[in-house]
Amino acid sequence: MKVGFVGIGHMGAPMARNLLRAGIPLTIWNRSLEKCEALVDLGAGQAASLEDLFKRSTTVMLMLLDSASIDTVLGRGTRAFATRVCGKIIVHLGTTSPEYSRELELDVIAAGGAYVEAPVSGSRQPAEQGQLIGMVAGHDDAVERVLPLLAPLCARVFRCGLVPGALRMKLAANHYLIGMVTVLAETTHAARGAHVELQTLQQILDAGPMASIVSRTKLDKLVAREFSPQATIRDVSTIAELVLGQCEGSGQDTPLIRHCASLYQRALADGHGDEDMAAVVHAFEAAHS
């Protein structure tokens with residue numbers, strides 16, 4: 001299998017690196033060419049252009065920011081689209097609306113390609129460790145061909161039926177994650193205001209039945225006021241809106257995620273977009289002041 005990978009960003013770079021370390025030959029392309037250098041040093045081939053990447057690949061994995069970026073890379077809506085996707089398997093690793101993914105699948109299949117939806121759950125650290133949680137959807141023959149490519153990236157992969165089952169599942173999982181981290185931020189904000197000793201509170205929470213890898217990691221950041229990014233406010237704000245859209249589209253009343261989405265928007269508007277999602281605590285502080 002000749003694999004292309006597009007999107008050498010915060011998550012894409014460690015994912016591509018793990019594919020190379022697993023011995024999978026990789027051709028890469030990124031809009032910012034300098035981001036490819038470290039992967040080229042590990043043995044990746046660097047495509048001269050998107051056209052070159054698609055010519056050299058039978059499967060193309062996309063870890064891109066949003067639907068507009070995906071459409072641009074695929075040339076969707078232009079003559080280039082059919083040329084790029086015909087005979088290829090397109091693997092959508094990022095997070096977009098389920099509706100967008102379903103429409104993209106129809107277009108890819110109509111142009112003679114195959115499509116697999118494979119969003120992942122986890123931040124930069126699990127991406128670096130190959131410990132993401134994968135969700136995959138699509139027709140069985142295409143999914144079977146893509147599963148070996150997900151193995152170096154994920155601790156576990158869950159099959160979610162047909163497109164857009166994987167993205168629906170991803171948004172449901174993120175619903176819980178966003179709520180949990182937001183409550184942790186609110187808790188430390190309120191505790192600080194009540195003159196609670198935060199290091200002791202952290203020890204109590206870490207020792208109790210509510211503790212998890214995520215809670216411990218985010219508590220470290222909240223207590224230390226250190227917000228180097230694992231999952232950024234900017235990205236989480238976008239995903240919170242997608243989660244809210246899925247809930248409202250199915251007619252569900254979900255006031256908690258609606259409020260969470262507004263808090264991440266506030267933190268983003270206040271200039272914290274490139275900080276870790278735990279920096280949503282700034283939204284509580286801004287409201288208090």
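**View 1. Helix H1 and the glycine that follows.** Gly 23, which comes after helix H1, has a positive phi, near 85 degrees. Helices are DSSP runs of H or I with at least four residues, numbered from the N terminus. The model is predicted: local features need pLDDT of at least 70 and side-chain atom pairs count only at pLDDT 80 or more, whereas totals for chains, interfaces and linings use all residues. Residues are numbered from 1 along each chain as its sequence is written, and side-chain values use heavy atoms, with hydrogens and water left out. H1 spans residues 12-21 and is mostly covered, with nine of its 10 residues buried. Buried denotes under 20% relative accessible area, exposed over 50%, and partly exposed the range in between (1.4 Å probe, protein chains only). The buried residues of H1 are Gly 12, Ala 13, Pro 14, Met 15, Ala 16, Arg 17, Asn 18, Leu 19 and Leu 20.

**View 2. Packing of helices H9 and H13.** Helix H9 (residues 165-193) packs against H13 at an angle of about 65 degrees, and their axes are 10 Å apart. Axes are lines fitted to C-alpha atoms, for helices over the stretch in contact, and angles run from 0 to 180 degrees between N-to-C directions. H9 and H13 are therefore roughly perpendicular to each other; angles under 35 degrees count as roughly parallel, over 145 as roughly antiparallel, 65 to 115 as roughly perpendicular and the rest as oblique. From H9, His 175, Ile 178, Gly 179, Val 181 and Thr 182 make the contact, and from H13, Ile 257, Cys 260, Leu 263 and Tyr 264. Contact requires heavy atoms within 4.5 Å. Nonpolar covers Ala, Val, Leu, Ile, Met, Phe, Trp, Tyr, Cys and Pro, charged covers Asp, Glu, Lys and Arg, and polar covers the others, Gly among them.

**View 3. Packing of helices H10 and H11.** Helix H10 (residues 198-207) and helix H11 (residues 213-224) pack at an angle of about 180 degrees, their axes 11 Å apart. H10 is thus roughly antiparallel to H11. Leu 198, Gln 199, Gln 202, Leu 205 and Asp 206 of H10 meet Arg 216, Leu 219, Asp 220 and Val 223 of H11. This contact of H10 with H11 has four nonpolar, two polar and three charged residues.

**View 4. Cysteines without a disulfide.** The structure holds zero disulfides, a disulfide being a pair of cysteine sulfur atoms within 2.5 Å. Cys 160 is in no disulfide, and its nearest cysteine sulfur, that of Cys 154, is 12 Å away. Cys 160 counts as buried because its relative accessibility is 14%. For Cys 260, the closest cysteine sulfur, in Cys 247, is 11 Å from its own sulfur, too far for a bond. Cys 260 also counts as buried, at 8% relative accessibility.

**View 5. Surroundings of His 272 and His 282.** His 272 is placed in the loop between helix H13 (255-269) and helix H14 (281-288). At 16% relative accessibility, His 272 counts as buried. Apart from neighbours within four places in sequence, His 272 is in contact with Ile 233, Ala 267 and His 282. His 282 lies in helix H14 and counts as buried at 17% relative accessibility. Not counting residues up to four places away in sequence, His 282 touches Arg 225, Phe 227, His 272 and Glu 275. The C-alpha atoms of His 282 and Leu 268 are separated by 9.7 Å, with the two residues 14 apart along the chain.

Terms used
Helix = DSSP H or I, 4+ residues; strand = E, 2+ residues; numbered from the N terminus.
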